[in-house]
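I opened this notebook to record what I looked up in one structure. The entries follow the order in which I checked things.

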Amino acid sequence: MEGPLSKWTNMVHGWQYRWFKLENDALLYYTSREKMAKGQQRGQIRLNGALVGIDGENNSLFTITVDGKTFHMQGRDVRERNQWVRILENAIRTSNGYNTNKVTNSAAIVQHFRQQTEEANEFLKNLVEQVKELERHKGSDEKKIVDSLIASSNNLINTVKHSIIYLQMVQTRLDPNSTTEKLIFTHPDLSDKPTPPSSTLTTTDDINTTSSNSETGSSNLKPPPVLSGVQHLDHLKPQRAESYASSDEEEFYDADEELIDLDRIEESEKKEETQTEASKTIMSSEEEGFDFGDSHEDFDTIYNNAEEHDIGNVQQEHGSVLMHLLSQVSVGMDLTKVTLPTFILERRSLLEMYADFFAHPDLFVATNGLESPEKRMIAVVRYYLNAFYAARKSGVAKKPYNPILGESFRCRYTVPNLAPSGKKTESGPWPGSDQNQLTFVAEQVSHHPPISAFYAELPAKGISFNAHIYTKSSFLGLSIGVANIGEGVLTLQNYDNEQYTFTFPSGYGRSIMSTPWVELGGKVKVVCEQTGYFADVEFLTKPFFGGKPHRIQGSIYKEGQKKAILTIRGEWNNVMYAKPQNGEEYTFIDVKSKPEVKKECVPVMQQGKRESRRLWRHVTAALLRNRIQIATTSKRFIEQRQRKEAKERLENSEKWNPELFETTDTDGEWVFKKKLDNRNVV
């Protein structure tokens, strides 16, 4: 392929016309087509090991990153950009050995890679045995030396298993019908003792990213025994993950990973029959009787610890995960069914994250009691823009648990400087709460598409908020984009049910090939049809060429007036400023100026089995203690139970009916069944 594109050049610090030509493993470029005909090449971009990326907020830009350098290109429109991206992506896949259509029949080459893999495998076994031997001497006088040796050995183990994964991937590409071995190395310590955060031992969840429904290669030979925590499984040929459901009622999950090595838990080698039976048990939906090693934990204290740690450099620490991801996805692909590993999970459900939109209940209350419609609109926008920082304040690019169908979360907040009314609610999100408390409830109402609905109210002030969000994620090459499709409606009962309708920005996980970080992007609106006031706000993503991230700009208008009554600028995770039409600029919001109000929840073990904190408690505890394999196992129990329930509903021709929310129109709006304006406050 060849054709014109604009290329950003640092020499003139601007866009320059270039003629590009794809040739072998490189993208050549010239100053013009005529120069190409004369062979006067301006430069080239190597495609081996390169990555293509697009920007979710710009339809014509794309990048090629290779050897730590990023090249910026621009097509005339989205069609031309997508055409180049597809061609380049195929060329890169072929160059890197990802192209499954390119198969060689060379038996010698296949045998070479098989031999290399077996040698690396044996080396890995020996390393693991040596680490186990070193573990026995941890209490010796040379503890520091032993600890240093263990840390170095584990780093070497990590490198070797990454090499094995790469060898296996190449072997599979060369001979798709070959059966290779997949390695699972589990943490030496899967006892009840929690792993301290400062532990130097390396967990290896990063290779557990392939689908559990892989085909088993046929062989008359018995599998080799499990040695030193290394379990041999049939390697999955890279393919896109498929749903387990067979109807429109599909279940979506965070990851599809292999289970924990039962031999490591029992710390003794069992016969093959016993191992098989144990595997069947763990693959069932029954988790009762399984020891997660957290019987001593205080789950309420664990959930109150909201501190998250960075994932680190993904390419360095989880290279095999990265390779597997690249082998499954293409730029622009919907990630709803693509498997993601456990180590990227944040220790809470998405439903609980939505509750943090109300972590400053005093600003929610401040939308009420203002005589002027203009002041009410400004107060509503202030509350709205302040809500995002509490939900994403860590800035760590981890994702909350994907809620399962029928999962719910509820909590309440005590509003600062608002005394209890002495009156209790008889209905709503949390019956029995004081009417001066803000109560919240959320429910996962659909899995196809994945839709969460949530509702909050403060009865004594006549304020309520109802919302639904459908999260649609896509792969952007160097980023992952999440579109939050839906709307929220804030209702002020004391003003003839005045309603303010919100839309939501998209979220982006940037730099996923190195050290990920989070930003928001896109245009949103806040509209009040009764008063004619509306706001246009844009969350600005970090520009390709310098500039600050997390910026925001917006304006509030009155219908029929051309000029904005208020303009807003700043950073959504820091300070925002506002300037009236006739006045001086002032600080509109400082999101870090005061702490969030702590949410109150029912104790974990007193919650219903489908309430978020109790449902995910084993996963949350394991993630806090950095016991990734245990977290994966617990998550699999939840997933398997959901698949079993979905299958039973299909067989019985039953339809899932949400308990707390209902939908009444074709637009897909979900409404809380017992919302404030549908009942009388006692």
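The notes below cover confidence, a sheet with its helix, and a pair of helices.

**Confidence.** I noted to begin with that this is a predicted model. I looked up the average pLDDT of the chain and found 78, with 72% of the residues scoring at least 70. I then marked residues 100-105, where the pLDDT is below 50 and the stretch has seven contacts beyond near neighbours in sequence. I also marked residues 180-285, again below 50, with 263 such contacts in the model.

**Sheet.** I traced an open sheet of seven strands in the order β4-β3-β2-β1-β7-β6-β5, and its pairing is antiparallel. I found β4 (43-46) and β5 (51-55) at the edges, each pairing on one side only. From one strand to the next I read an average twist of 35 degrees. I looked at how β5 meets β6 (residues 58-66): five bridges join the two antiparallel strands. Glycine 53 sits opposite threonine 63 of β6. I next followed helix α2 (residues 78-96), which packs on the sheet and touches β1 (2-9), β2 (14-23), β3 (26-30), β5 and β6. Its direction makes about 20 degrees with that of β6.

**Helix pair.** How do α14 (residues 617-624) and α15 (residues 628-651) cross? I found that their axes come within 8 Å and cross at roughly 165 degrees. The angle is over 145, so α14 is roughly antiparallel to α15. I recorded the crossing as left-handed. On the α14 side I listed His618, Val619, Ala622 and Leu623 in the contact; on the α15 side, residues including Ile628, Ile630 and Lys635. I sorted the contact residues into seven nonpolar, two polar and one charged.

Technical notes. Residues numbered from 1 in each chain as written. Predicted model: local features only at pLDDT ≥ 70, side-chain atom pairs only at ≥ 80, totals over all residues. Heavy atoms only, no water. pLDDT = per-residue confidence, 0-100. Contact = heavy atoms within 4.5 Å. Pairing = 2+ DSSP bridges. Helix = DSSP H or I, 4+ residues; strand = E, 2+ residues; numbered from the N terminus. Axes fitted to C-alpha atoms, helices over the stretch in contact; angles between N-to-C directions. Parallel < 35°, antiparallel > 145°, perpendicular 65-115°, else oblique. Left-handed = near helix turned anticlockwise from the far one by under 90°. Nonpolar A, V, L, I, M, F, W, Y, C, P; charged D, E, K, R; others polar.
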